[in-house]
Each structure stands twice: as structure tokens, then as C-alpha cells.
Amino acid sequence: VELIESGGRSVQPGGSLRLSCVASGYSTRFSDMAWYRQVPGKQRDWIGTITNIHRTSYADFVRGRFTISRDRDQNAVWLQLNDLKSDDTGVYYCNDVDLHRWGRGTQVTVPG
């Protein structure tokens, strides 16, 4: 039973990435799901949430650059990152809000 993130890599400033989060061993169908990120030396920050009825909310710093989506049948959630900046470097985590479950994270690096 786990959440598995993938898709992180090194990308040039201005580039885009799509991160995936897939649940293994259980269903996220009825859970609200969230993405967080942790920049080196700082606390883990909330990026946004998608509810089980696909309503989304985002942190102010996202400023329209990031988009969360999901497919309940595929048991998956995605985070589209656009116009990436060096400040976006960090480990990105998926979170099952209702079950308080975290993935291990995926590293995104944007050279400064």
C-alpha cells in the first residue's frame, strides 16, 4: 500500500514537466489528493489539492504555472509544471489527504 511519484528530472528554466502519482495496493477514488514540495533546508510546502469531485485549489506561489488533474479510474494524480524556475527545485510529494498517506517523492531540478 503506497503512493508512487515519478516524472521528476532536471529541466532548463522555462521548461515543463508532468509529475505522476499512482496509488498501489489501494484506491484513492474517494480521497482528496494533494501535492507538496520541499526545497532543500526548508519545510514542506503545499502546492495544491484536487478533491474527489475534481475541484482544485492552489497555493498563491503557483500563480497559474502548475495544474493538478486526476483520473479516479486509473488511481492516478498528475501535477503539470510549466515555466519552471530555479526556485522550483526540490522534492515533490503526493499526499492522500483523507488517509494521511505520503509518497517518497520525486526530485525536480531547475538549474539556476
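**View 1. An open sheet of four antiparallel strands in the order β1-β2-β7-β6.** In this predicted model, the edges of the sheet are taken by β1 (residues 2–6) and β6 (residues 66–71). Each of these two has a single partner strand, so one side of each is left without a neighbour in the sheet. On average, neighbouring strands here are turned by 15° against each other, direction ignored.

**View 2. Pairing of strands β2 and β7 within the open sheet.** Strand β2 comprises residues 17–24 and strand β7 residues 76–81. Six bridges connect them in the antiparallel sense.

**View 3. The hairpin formed by β3 and β4.** Strand β4 (residues 44–50) pairs with β3 in the antiparallel sense, again over six bridges. Opposite R37 stands D45 of β4. Five residues lie between the two strands, and G41 in the turn has a positive phi of about 80°.

**View 4. The antiparallel contact of β3 with strand β8.** Strand β8 (residues 90–96) is joined to β3 by six bridges. Within this pairing, W35 is placed opposite C94 of β8. Strands of a sheet pair through backbone hydrogen bonds, either parallel or antiparallel.

Technical notes: Residues numbered from 1 in each chain as written. Predicted model: local features only at pLDDT ≥ 70, side-chain atom pairs only at ≥ 80, totals over all residues. Heavy atoms only, no water. Pairing = 2+ DSSP bridges. Axes fitted to C-alpha atoms, helices over the stretch in contact; angles between N-to-C directions.
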